Amino acid sequence: MKALAARRHDRRAPVVLLLLALLVTGGLYAVLAPSTADASAVTASTNDVAAGQKLFQANCATCHGAAAEGTDSAPSLVGVGAAAVDFQVGTGRMPMQMTGPQAQAKPVQFDDEQISQLAAYVATLGAGPAIPTAEQVDPTQGNVANGMALFRTNCAMCHNAVGAGGALSQGKFAPSLWDTSATHLYEAMLTGPQSMPVFNNANLTSEEKRDIIAFVAEQDQGSPGGLTLGSLGPVSEGLWVWVVGMGLLIGAAVWIGAKSS
């Protein structure tokens, strides 16, 4: 007992305890942390991967490196997953047309098959988020009310309360979401493109992402309050009040004064 008590007071004991705590924490995280790879992903064929590699070498390797390891002008794609490729290439943001604060959406340069092949190749470079299934992005299965609450908590500060978009710092902006497909909305939440944070399943579950998609889809139904005025909130509403509303009031006051005199 005396020997055990002496060891407890050894000056190396805190270091040993710290190492044990780190090992236990790391082991628990490895077991309990959500995986970045989607178990529902469909395994791509060898032919798709080979075709995707050729497309990558011809169109992407100049910036991202021959093995997608990244360069000074573009990040590494190892571990970004098929979802990131499907979003970036499927919205026309990649390949970039020119350098700037952020990649902007433009006409897509590849067809659906080529995009799938590129995504299949990049997915082989490291585990990452997979392209979501049709069920995961189906807005008819989402809860619009819950989606509204989640959107206004996590997204509205950048994308506006109804997804109309908004300005950010240093020339960047949060785009409008109204013309974005449900699949690309899900992939954006999953991968965090541009200045957007990543919302993995620990932040927003798959069902909660679908609820947000349902809320965004609902914005296409028109405004129950009448004119949307661009859905830009108090800026456009205030402009309408001061220019049109106050203008009409001043005009009416002048007319009444002229008639009375």
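## Overall architecture

Read from the N terminus, the elements of the protein follow the order α-α-α-α-α-α-α-α-β-β-α-α-α, and the protein holds 11 helices and two strands. The model is a predicted one, and the values below describe that prediction.

Among the contacts with a separation of 6 or more, 60% are accounted for by residues 24 or more positions apart.

## The crossing of α3 and α6

Helix α3, residues 46-59, and helix α6, residues 112-123, have axes that come within 7 Å and cross at roughly 95°. Angles of 65 to 115 degrees count as roughly perpendicular, and α3 and α6 are therefore roughly perpendicular to each other.

On the α3 side, the contact is formed by Asp48, Val49, Ala51, Gly52, Gln53, Leu55, Phe56 and Gln57, which meet Gln114, Gln117, Leu118, Ala120 and Tyr121 of α6. By class, the residues of this contact of α3 with α6 divide into seven nonpolar, five polar and one charged.

## The two sides of α7

In helix α7, which spans residues 144-154, the buried residues include Gly147, Leu150 and Phe151. These residues cover an arc of only 100° around the axis, so they lie on the same side of α7.

Ala145 and Thr153, by contrast, are exposed on the other side of α7. The cover over the buried residues of α7 includes α8 (156-159) and α10 (206-218).

Methods: Residues numbered from 1 in each chain as written. Predicted model: local features only at pLDDT ≥ 70, side-chain atom pairs only at ≥ 80, totals over all residues. Heavy atoms only, no water. Axes fitted to C-alpha atoms, helices over the stretch in contact; angles between N-to-C directions. Helix = DSSP H or I, 4+ residues; strand = E, 2+ residues; numbered from the N terminus. Parallel < 35°, antiparallel > 145°, perpendicular 65-115°, else oblique. Contact = heavy atoms within 4.5 Å. Nonpolar A, V, L, I, M, F, W, Y, C, P; charged D, E, K, R; others polar. Buried < 20%, exposed > 50% of the residue type's maximum accessible area, 1.4 Å probe, protein only. Arc of directions from axis to C-beta.
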